[in-house]
Amino acid sequence: MKLAPQKPARNSAGKDTTGQVQSLTRALSLLRALAESGDGMTLSDVAQIVGLPPSTAHRLLTTLQQERFVRFDAAAHVWLVGVEAF
């Protein structure tokens with residue numbers, strides 16, 4: 001299942017008018033994609049699904065990992081939902 005990247009509403013000057021924090025919105029889209037996958041996803045797969053460059057997805061995932069919202073299974077090379085998400 002491919003999630004469409006959510007773009008914030010912008011005014012004529014290109015400013016975000018929804019009050020959303022872009023990095024938080026992106027991190028939550030990564031978490032949502034991992035939750036829907038069930039058995040984990042590679043960095044490339046999750047980045048592609050949410051429409052982010054792999055480097056951006058990796059920075060967000062490692063931040064979420066530090067807070068235990070996601071975890072990385074080194075043996076399988078996949079990212080999974082972590083305990084704090086529950």
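In the protein, residues 24 or more positions apart account for 41% of the contacts (heavy atoms within 4.5 Å) with a separation of 6 or more. This is a predicted model, in which local features need pLDDT of at least 70 and side-chain atom pairs count only at pLDDT 80 or more, while totals for chains, interfaces and linings use all residues. Residues are numbered from 1 along each chain as its sequence is written, and side-chain values use heavy atoms, with hydrogens and water left out.

Biologist: Which pattern does the protein follow along the sequence?

Modeller: Helices (H or I, at least four residues) and strands (E, at least two) are DSSP runs, numbered from the N terminus. The secondary structure comes to three helices and two strands. Read along the sequence, the pattern is α-α-α-β-β.

Biologist: How far apart are the end C-alpha atoms of α1, and what span should its 16 residues have?

Modeller: The expected span of a helix is 1.5 Å times one less than its number of residues. For the 16 residues of α1 the span should therefore be 22 Å, and this agrees with the distance between its end C-alpha atoms, which is 23 Å.

Biologist: At what angle do α1 and α3 pack?

Modeller: Two packed helices are described by the angle between their axes and the distance between the axes. Axes are lines fitted to C-alpha atoms, for helices over the stretch in contact, and angles run from 0 to 180 degrees between N-to-C directions. The axes of α1 (residues 22-37) and α3 (residues 54-66) are 10 Å apart, and the angle is about 80 degrees. That makes α1, in relation to α3, roughly perpendicular (65 to 115 degrees; under 35 is roughly parallel, over 145 roughly antiparallel and the rest oblique).

Biologist: Which elements do the buried residues of α1 pack against?

Modeller: Buried means under 20% relative accessible area, exposed over 50%, and partly exposed in between, with a 1.4 Å probe and protein chains only. By that rule the buried residues of α1 are A27, S29, L30, L31, A33 and L34. They pack against α2 (43-50), α3, β1 (70-73) and β2 (78-81).

Biologist: What is the phi of H77, a residue other than glycine?

Modeller: Most residues other than glycine have a negative phi, and most peptide bonds are trans. H77 lies in the loop between β1 and β2, and H77 is exposed, with a relative accessible area of 53%. Its phi is positive, near 60 degrees.
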